[in-house]
Amino acid sequence: MAGLNEADTRAKLVDPAIHARGWSEDLIRREETAGAIEVIDGKPRKRAKGRTDYVLRIKVNAETQPVAVALIEAKAEKLPPAHGLEQAKSYAVCKRLNVPFCFSSNGHQFVEFDKFTGNTSSPRRMAEFPTPKDLRRRYEQGMGFSLEDPAAKPLLTRYTGGEATRRYYQDAAIRAVLEKIARCEKEGEPRRALLSLATGAGKTFIAVNLLKRIADAGQLGRALFVCDRDELRSQGAGAFQNLFGADAAQVSAGKPQKNARILIATYQTLDVDSEEADANFLTNNYPENFFSHIIIDECHRSAWGKWSQVLKRNANAVQVGLTATPRKLRMEEKTAEAKADARVTADNIKHFGEPVYEYDLGQGIEDGYLAACEIHRFDLFHDDKIITERESEVTKKDLKGKHLTSPITGTEVDAVEADESYKPTDLEAKLWMPERVAAMSKHFFARLLETGGPEQKTIIFCARDHHADAVATELNNLYAGWCREQGKNRLDPYAFKCTASVGGSQYLADLRGASRSHFIATTVELLTTGVDVPVVKNIVFFKYVRSPISFYQMIGRGMRLDAPTGKLMFSVYDYTDATRLFNKDFITDFKPRGKGSGGSEPPPPIQVEGFDIRITDAGRSILTMVDGKTQPITVEEYKAILAAKLVEEAPTLADFRGRWINPPERRELLGHLPDAGRSAMLVQKLEGMDNYDLYDVLGEIGYGLAPRTRPDRAEAFTYKHAAWLESLPPKTSLTLKAMAAQFASAGTDGLENPAIFQTPDVVRAGGLAALKTLGKPADILHETKARMFAA
């Protein structure tokens, strides 16, 4: 007996069984991840659903917000109830959803994992499944507070406007903070919490709704939201004002907004943005314990610097830190930047405690909320050296015979004035190398031409301000030359410097919104944090990066999806081995810092000409989750992981075809593949198979099927099944042929879209009425798909 599949097991066995135990529909939440963006016939289309998690929630009464406490996974009826529910996976699922219990069932028995105890139960009959009352009692016991306690009241306060707009992990993060606050209040400890969420995950949404629920619970006095830049302050103010109206106000010089309930300020406005700042604005306008709640955005920005005064002067406040940096960064390197990052992490952990919730890049990619990341690495070589630039130094011997000048005055410089050697991080800082800039710019411009053309939104991270100038100049010259060769009009400005020295913030709107100018921004630090530019398709490293925190911020500029342009992935072009910093862990303890020892004025830079710079391909990789960790793997490794999972789910091509033509089973199959089903679309994109249906993409990867383009498959259907088509009534045959033509442009989804019967060609052929002459149209369509994919 084959038994029921997952979907039927849930609907016919699990749902009735838990309903009998008191789990009514209003206590079960279907948490769906984002539908991935698929490009069909050159147009982006978002799939209807991603992964679906079934979450069990408890209520104190009919009016309160339900509180999530458990996940229940349905297994196919033929599988053991604990199938796939090993302890490590159970713990990870509980963490991802921020629930303490995880259940797995085949409809007849269930197995439970309890995060509080770390124990996994033996199989038990569904008649023994815990009731809502049982799980509430165990939840409260494990948390250390009752949901009736005043401290827990924000947990029971509903979302303003309902839950339609929040994502599952945003709710999980908000609950994690509210649970920590309630626990600390019950135990008399400082009420502090740290959240770590990837750039693009919606930290501002979390901050706004967190404070709103606290306010609606009657527990908010006056709150301060501190962010890093003016643009972030404006964005934050808009989000807060959507829910708080005039009670939320921006703090600016001379406008402390002391009468507002929610104050949105920058570190700079409060005079706490550096060790040299005097904090006068903060201390003169806001007495100690003025705020009841403080949220620090980008709390990774400095190692417990002057901004800590904001927290210390409001010691009684609820304090929440938001960061986009992973909790663990393993750094083998002992650079000053890496050590500074270690201090940042240690200081945050010491003050806030371990993160109450984490959502990293890999999870965001897997869920379909963040763009996938393709990495291109390159090696640079100088002259006839066989050792890469990053592994060697430029010595005085290397400078022999080269033309040395002062980049400031243009006068010649004697070689004796040069340093004994220059490290890779000194290049374009102490040692300016025009040929290097030209070679890297030319190489990258060629990559643009190979991947869709030069007019792609791009951010290039450069070593210094002058380096950003030089790169922009080179790229503008290359673009102008290309336009002349192609007989095209230039779309100027093409490449532009976007640094603090030139007021680069004024160009952000053009980078973000202009479709016919401002394509490439060259920057140093200005675009590393908090800048929301979803259209960016390329992140380029021309600078050596030693800070993992900065690296994650830079990568974050490309992580946002952009449905209007069909962006489902972005590319990283790494010329300086910056991507080595992916998934590096360091676990740090707090250590007091000694006073800095000032330094002498650095020597003036030297410009050197005469180097031959060679650039070679060092490999291509994809950023994904492997064994619970986010890391780059090669495209071939990625395809192998996809193939293994595909064959595990559908052992033979016949099994795969049978599941593919059944929409519910196809969705279930895709949902079990890596990266929440997007892996197939990523391979489709990477391998240039946009003209192939996903059936053929997966068929080739998993079963060695010779792939056919959509037009070829549609044509093969008409001639391979000519006898069957001719046996049908003429209008039915013509209608199926017209539908096959629709498959040629829109693939499986187009064939199954009800709107296909409104397309002119299908209507002219006979339309839905022509199919009804043979019986149920769904049955005819199923037969057509079976033959289409057997073609």
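This is a predicted model: local features need pLDDT of at least 70, side-chain atom pairs count only at pLDDT 80 or more; totals for chains, interfaces and linings use all residues.
1. Aromatic pairs overall. Searching the whole structure gives 35 aromatic pairs. Two of them are taken up below, Phe 461 with Phe 541 and Tyr 479 with Tyr 494. A pair of aromatic rings is described by the distance of the centres and the angle of the planes.

2. Phe 461 and Phe 541. This pair is stacked. Phe 461 belongs to strand β22 (residues 458–461), and Phe 541 to strand β25 (residues 538–541). The pair therefore ties together parts that are 80 residues apart in sequence.

3. Phe 461 has 0% relative accessibility and so counts as buried. Phe 541 is also at 0%, and it counts as buried too. The cut-off is under 20% relative accessible area.

4. Tyr 479 and Tyr 494. What are the centre distance and plane angle for the rings of Tyr 479 and Tyr 494? The centres lie 3.9 Å apart and the planes are at 10°, so this pair is stacked. Planes under 30 degrees apart meet that criterion. Tyr 479 sits in helix α13 (residues 465–486). Tyr 494 sits in the loop between α13 and β23 (495–497). The pair thus ties together parts that are 15 residues apart in sequence.

5. Are they buried or exposed? Tyr 479 counts as buried, at 0% relative accessibility. Tyr 494 is buried, its relative accessible area being 0%.

6. An aromatic cluster, and a charge over one member. Six residues are listed in one cluster: Phe 656, Trp 660, Tyr 695, Tyr 703, Phe 743 and Phe 789. Trp 660 also has Arg 666 over its face, at 5.3 Å from the ring centre.

7. Arg 138 lies over the face of Phe 101. The distance from the ring centre is 4.5 Å.

8. The three-stranded sheet. This sheet is open, with order β19-β27-β21 and mixed pairing. Which strands stand at the edges? They are β19 (403–405) and β21 (431–432). Each has a single partner strand, so one side of each is left without a neighbour in the sheet.

9. Pairing of β21 with β27. β21 pairs with strand β27 (residues 606–609) in the parallel sense, over two bridges. Trp 432 stands opposite Gln 607 in β27.

10. The helix across these strands. Helix α12 (residues 434–450) lies across β21 and β27. Its direction is at about 65° to β27.

Definitions and conventions: Residues are numbered from 1 along each chain as its sequence is written. Side-chain values use heavy atoms; hydrogens and water are left out. Rings of Phe, Tyr and Trp (its six-membered ring) pair if their centres lie within 6.5 Å; planes under 30 degrees apart count as stacked, over 60 as edge-to-face and the rest as tilted. Helices (H or I, at least four residues) and strands (E, at least two) are DSSP runs, numbered from the N terminus. Buried means under 20% relative accessible area, exposed over 50%, partly exposed in between (1.4 Å probe, protein chains only). A charge sits over a ring if NZ of Lys or CZ of Arg is within 6 Å of the ring centre and within 35 degrees of the ring normal. Two strands pair if DSSP finds at least two bridges between them. Contact means heavy atoms within 4.5 Å. Axes are lines fitted to C-alpha atoms, for helices over the stretch in contact, and angles run from 0 to 180 degrees between N-to-C directions.
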